[in-house]
Amino acid sequence: MDKYQEQPHLLDHHLEWMMNSLLDIVRDNGSPPPLAHLAFKFLYIITKVRGYKLFLPLFPHEVGDLQPVLDMLVDQNPKDSETWETRYMLLLWLSMICLIPFDLARFDGNIISEEGHARMPTMDRILKIAKCYLVVSDKARDAAAVLVSKFIVRPDVRQKRMADFLDWTLSMLSKSSFQTMEGTVVMNGMLQALAQLFKHGKREDCLPYAATVLECLDNCKLSQSNQMVLRKLGMKLVQRLGLTFVKPKVAKWRYQRGCRSLAANLQAQGSVVQNQIITVPANEADDEEEYDIPAEIENVVEQLLVGLKDKDTIVRWSAAKGIGRISGRLPKELADDVIGSLLDCFSFQETDNAWHGGCLALAELGRRGLLLPSRISDVVPVILKALTYDEKRGACSVGSNVRDAACYVCWAFARAYDPAELIPFINQISSALVIAAIFDRDVNCRRAASVSCYIPVYGTFPHGIEILTAADYFAVGNRVNCYLTISVYVAGFPEYTQPMIDHLVNMKINHWDSVIRELSTKALHNLTPRAPEYMANVVLPRLLPLSVGTDLHTRHGAILACAEITHALCKLAEENNRYKCKIILTINFPFMSGGWQWLINDSLRSLSLVSSAARQHIKLVTQYVSELQNTEEMIRCGFSRALGALPRFLLKGRLQQVLEGLKKVTLISPADVSFAESRRDALIAIAKVCQTVGVKGDGSEEEYVCKDNITQIYATLFTAVTDYTTDSRGDVGGWVREAAMTSLMEVTLLLVQNEAELINANICKQIMCWLAQQSAEKIDKFRAHAGSVFLTLLHFDHPPVPHIPHREELERIFPRSEKETLNWNAASEAFPRITQLLGLPTYQYYVLLGLSVSVGGLTETTVRKYSAQSLFDYMKKIQNDSSAMESFCETLLKVFEDNLRNDRVSVPLLTMLDQMLANGCFDIFTMQENHPFSVKLFTLCKEEIKRSKDIRKLRSSIGVFCGLIQFQGDMREKVLFQLFLLLCHPFPVIRKTTASQVYEMLITYSDVVDPAIMDEVMTILIKKKKKLMPLKAVRNNAVLLAIYCF
């Protein structure tokens, strides 16, 4: 049934037969209780989807149904948590049966039972059931409140039991406290019952009790409760009491729009549609029956106005509906006083909750015609402010609900008022709605504004049809599309151009969200051709002071906006040479006076305002380079990026100084080991500087990338590829490696396209090998980036990159046709390809180094699974090729030796070796006694764990030692001796792991120990596996094992 939740009316034609089918099961006396409960459960599901109000009239409500339903309810256990659906549906059914038009006394007959005891009357039985279920904590409580509202208002029950029932509910309310769970449950049931009762009861029946109920409700002080539901029910009851105090009549003074015809709108000539307005003659209004408004109404309205400021939306919504309902029954003067009090909610001293509640109340008043046209001039400015309401709170902001409610107010006004009433305000409202539909940060507000624009389009909304075609409900769902595309189209209509630009400058370039600031400045760039004079004469002079302000958000947005607008004006100047002089006067003058340079410097520092007088005579490049060694990382980042963005004329003659300064930033020292972001930005800047100055092989190293400095540039980038720094954020060195790979690609392609002879074979080999290593590592993001760069260099054709080792084999492994389709992020696709590089001698060392980290990873991931499988598949292919195996093992030992005590590599390498030995990858060497591979591997393992306290490393080495037992010769004795030492290790977990693996090793390689003593050995190992023995006993057992084995 859940698929009908959004359109439950589709079930209406099927509800009756579904209900009858399920009730037939319930009525059948032969149905077992679980089956009957299942039927009620299905009924509840249908009720939940369609709503009980529509479902209720379909229940059979004949006289004969009363007694069976009562009996079934009596048989229920209110505390049974498994059958609450049954109780809920029975109570709803009983509430419908209570409407039968017969006095309930007729059903009692002779109330004296056969045993001589008086039976409880039917009326009291129903009331007892209702009271019982009003204090339960499950859904049956809601149904009991519905039952009360239908039952108490019966004429016979009202006369005999209404006063007593109200006394009971008020007594329960007074005795309960919302500070306890039990009290909350009781108060919930009582408030629901009272709210339903005052909703369905006749006014003349409820009026005598209304003042008493209101007094009791005031004493409960529900506004202080943390329970949202209690506050909502309290607000609902307050408004029902208020409606009871005033007579139920429609206010004759309300605004009535009259005839609203779509055909008439379409046939209308001109921009304003003159609809028929229904007015009330003055004498008729004077003849209106006058009566005294009870004093309690003031209390009710005050509570509702306070409810508009509640922290929960459903409470504010209930209060807003109450304001609308009660105002419709008040005299014109009192209703106007309510509106005046309501407008007080829209003060900037109030919270966003008050603004939201006030908007909801205004929409309700407008929708009901209770906000007269004379008040529109007071309300429209408030709504315009609400449409842009956004208040900073910590790292985010609040106000999206206020803007959404303001759109609802506009929608309500457009439906309620004649277009002629809105003519003085239509330009303001339409501009505000269009701006909200395009530039609001939240998609729900953009869509609400777009939908609100639909109502007033005919005749009054300027260019409404064209705008709504471009900015419909679905188009405004994409924020980037709104800012950069739809805004340009809408700004083509002169009514909206200037308001849109002003909104971006006043509200969006200083927004707390950097994404909004950046989008806003790009939108200003796109809007500049629509109003170039306004941008140059008004907007730029307004932005320049903001760009040197103390607020970083405003400064950031203003600087970006100045740059984007200047860029757009420059493009226009190139087309018609119209604004070039103005741009020079506006932008270059501050630069020449030093102010603009100070702005750049200070923004790069991200610090408060400082005087620039002391720096006026310092060379720009020298100053920027000196800041690269600042102790604050963000300052290094800012000046690194600035150096990368400098034009060529500033770098000319100082290139070597810049490269040296950036190189120092990329080096890791103990003081700045965690400055990964500054190292990343410096590497990006090196590539940008190289692209800016250009390439000239025999040129000066101070002006060009040339043969004298190319080695230094590549050395810096190669060093960065080995950055594996980690901190609390994780592998932050990955940012550096990613930037280094990108810079390697950009610098290499720059050289290839200009002077390829500067790239020698050794440089190209290092580039491709480092990229191959990164392509074999475990982090998907960096592996994918390395693979992409690798294939870009391999398949570059304009002209080809020279000296790539094994180019033909690489092009066979990575065909050009798969350059774009190969998914490096997927381990299942990447590793089968990258392991093929193990067969190429140049790449074997680096690929094996990368695979070690992937195959020996800490957790069982898809990367570890596919990398290991690909490696084992390669090993199977070369098993019968002794030279390939010798070469592979030699490289493997070289990797181990070069990374001895480097835990990032050595620990996963031990894990990989354990897996390779277990999978028989070195079986070809096991039959040869004292094979050099096994001897060297044993020595390296022994050296790696020497004096180590790393649990993971020690446990990985145990597996390697156990795998080495398969090699023949003196190796076995050395391995067994090392294992016996580990059996005596001070760490219990190492002793236990060693015993377990030695046990498995002896089972696998049964020829290691004489079968005659195998049982004794196994017994000792099992004891060590099962319990932690004292270290002295462990060593005694180890000695005993050694005696057995040797």
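This is a predicted model: local features need pLDDT of at least 70, side-chain atom pairs count only at pLDDT 80 or more; totals for chains, interfaces and linings use all residues.
Local features were taken at pLDDT of at least 70 and side-chain atom pairs only at pLDDT 80 or more, whereas totals for chains, interfaces and linings use all residues. Residues are numbered from 1 along each chain as its sequence is written, and side-chain values rest on heavy atoms, with hydrogens and water left out.

The structure holds 38 salt bridges, each defined as a side-chain nitrogen of Lys or Arg within 4 Å of a carboxyl oxygen of Asp or Glu. Among them, aspartate 71 pairs with arginine 125, with the closest N and O atoms 3.4 Å apart. Aspartate 71 belongs to helix H4 (residues 66-75) and arginine 125 to helix H6 (residues 122-133), so this pair ties together parts that are 54 residues apart in sequence; helices are DSSP runs of H or I with at least four residues, numbered from the N terminus. Arginine 125 is buried at 17% relative accessibility, whereas aspartate 71, at 33%, is partly exposed (buried means under 20% relative accessible area, exposed over 50%, and partly exposed in between, with a 1.4 Å probe and protein chains only).

Aspartate 310 forms a salt bridge with arginine 231, for which the closest N and O atoms lie 2.8 Å apart. The aspartate is located in the loop between helix H14 (296-307) and helix H15 (313-327) and the arginine in helix H11 (residues 228-245), so parts that are 79 residues apart in sequence are tied together. Aspartate 310 is buried at 13%, and arginine 231 is buried at 5%.

On the surface, Lys942, Lys946, Arg947 and Lys974 gather in a patch of positive charge, where patch members have over 30% relative accessible area and no salt bridge, like charges being joined within 9 Å.

Key
Patches are made of residues with over 30% relative accessible area and no salt bridge: like charges are joined within 9 Å, nonpolar side chains (Val, Leu, Ile, Met, Phe, Trp, Tyr) within 5 Å. Accessible areas come from the Shrake-Rupley method with a 1.4 Å probe; for residues, only the protein chains shown count as cover. Lys and Arg count as positive and Asp and Glu as negative; His and the chain ends are not counted. The place of a charge is taken as NZ of Lys, CZ of Arg, CG of Asp or CD of Glu. Helices (H or I, at least four residues) and strands (E, at least two) are DSSP runs, numbered from the N terminus.
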